[in-house]
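Welcome! Let us walk through this structure together, one part at a time.

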Amino acid sequence: GVRLARDGAGGRERTMDAGFRDDVLAGLTASPKSLSSKYFYDAEGSRLFEEITVLPEYYPTRTETALLRRIAPEIAARIPEGAAMIEFGSGASTKTRIVLDSAPQLAVYAPMDISASALEAAAEAIRADYPKLTVAPAVGDFTHPLGLPAAARGRPAVGFFPGSTIGNFPTDEAIAFLAAARELLGPGALFVVGADIAKSEDVLVPAYDDAAGVTAAFNKNLLVRINRELDGTFDLEAFAHRAVWNAVESRIEMHLVSLRDQVVKIAGEPIAFAAGETIHTENSYKYDPDAFAAMAEKAGWRVETRWISETPAFGVFALRS
Ligand code: AVJ
């Protein structure tokens, strides 16, 4: 987008991303107020997310990782010689290594992530450990890919989308994403998708509101980012982290609650908050396995196999175009 030069604190020149500014102002002048969870992942947000993945309460990462270790040979058996693996929202690429270790026939790894810092560090580490693999990273919003990277074109395609990141999307957007991924990956492609399974609120809520306060810091980092990048005046003490289970929608919601009536300035614009008013910052949908399969089928995929872990349940689905 258009970048406006601004003078930052300490006289250092900064840029203001017009897309981020427009999205933030639109979200905070709407009712109810919301911000897109994709903006969590600046360098600090990506670092905090990695910290979340090892929290005792946050079961998804370790559960899916153990499941992937167990099923890696079955996944590898579905990957043809010379294939390219395209990963959506790759982050630190930790789970990728499980597949790469089991599938040496993979020729190309093309990770996509919105965080340039996380992507570059991960790509370098993968290059160092898998010298025969062609690594072709692409920075950007994986919901709007421009096309397959040149290194992946003409090769059998394997999509990889672990972590239940798909759970950030409401059903219609998840189906649109799955359909777009099918177009991108092409005929005959395999798509390996991780999806968290609905379970007791007593397990879900602590996973998004941990005792150490890491998830609270991750949520509030969005305000820190707005203060830094959009000349925001958020007082971090005047907002509280909240995680709630919405049973009707089958999703965890994260909010930032205004603790008092207040006016915050962002990019010169005053934004009023009432005491108790919230900014809805994330949805994390939790699925019934059949409902997830139905969603994939609506997007044109065939569900080849599904693997569901022992409790706490987490699902990995092998979809075929
Ligand atoms: C990266 C979207 C899968 O929804 O569990 C973790 C993000 N938010 N704790 C999730 C997240 C708060 C995570 N995803």
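Strands β15 (302–308) and β16 (314–320) run antiparallel and are joined by six bridges; helices (H or I, at least four residues) and strands (E, at least two) are DSSP runs, numbered from the N terminus, and two strands pair if DSSP finds at least two bridges between them. Within this pair, Arg 306 stands opposite Phe 317 in β16. A hairpin of five residues leads from β15 to β16. In the loop between these two strands you will find Pro 312, and the peptide bond joining Thr 311 to Pro 312 is cis, with omega about 0°.

Before going further, please note what kind of model this is. It is a predicted model, in which local features need pLDDT of at least 70, side-chain atom pairs count only at pLDDT 80 or more, and totals for chains, interfaces and linings use all residues. Residues are numbered from 1 along each chain as its sequence is written. The pLDDT value is the predictor's confidence in each residue, from 0 to 100. For the protein chain the average is 94, and 95% of the residues score at least 70. Confidence is highest in β11, at 99, and lowest in strand β1 (residues 3–7), at a mean of 39. Over residues 1–13 pLDDT stays under 50, and the model has 18 contacts beyond four places in sequence for this stretch; two residues are in contact if their C-beta atoms, placed from the backbone, lie within 7 Å. Where pLDDT is low, the predicted coordinates should not be read in detail. The model scores pTM 0.94 and ipTM 0.99.

Next comes a sheet. Four strands form an open sheet in the order β3-β14-β11-β10, and their pairing is mixed. The edges are taken by β3 (33–34) and β10 (239–246), each with a single partner strand, so one side of each has no neighbour in the sheet. β3 pairs with strand β14 (residues 278–285) in the parallel sense, over two bridges, and Lys 33 stands opposite Ile 279 in β14. The loop between α1 (18–29) and β3 holds Pro 32, which is joined to Ser 31 by a cis peptide bond with omega about 0°.

What lies across β10, β11 (251–258) and β14? Helix α8 (residues 214–229) does, running at about 115° to β10. Axes are lines fitted to C-alpha atoms, for helices over the stretch in contact, and angles run from 0 to 180 degrees between N-to-C directions.

Helix α8 also packs with helix α2 (residues 43–52), at an angle of about 160° and with their axes 9 Å apart. That makes α2 roughly antiparallel to α8, as angles under 35 degrees count as roughly parallel, over 145 as roughly antiparallel, 65 to 115 as roughly perpendicular and the rest as oblique. The crossing of α2 past α8 is left-handed; a crossing is left-handed if the near helix is turned anticlockwise from the far one by less than a right angle, and right-handed if clockwise. In α2, Glu 44, Gly 45, Leu 48, Phe 49, Glu 51 and Ile 52 meet Val 214, Thr 215, Ala 217, Phe 218 and Asn 221 of α8. By class, this contact of α2 with α8 has six nonpolar, three polar and two charged residues; Ala, Val, Leu, Ile, Met, Phe, Trp, Tyr, Cys and Pro count as nonpolar, Asp, Glu, Lys and Arg as charged, and the others, Gly among them, as polar.

Another helix pair is α6 (residues 171–185) with α9 (residues 289–298), whose axes come within 8 Å and cross at roughly 50°. That makes α6 oblique to α9, and α6 passes α9 in a right-handed crossing. Here Thr 171, Ala 174, Ile 175 and Leu 178 of α6 meet Met 295, Ala 296 and Lys 298 of α9. Their contact has five nonpolar residues, one polar and one charged.
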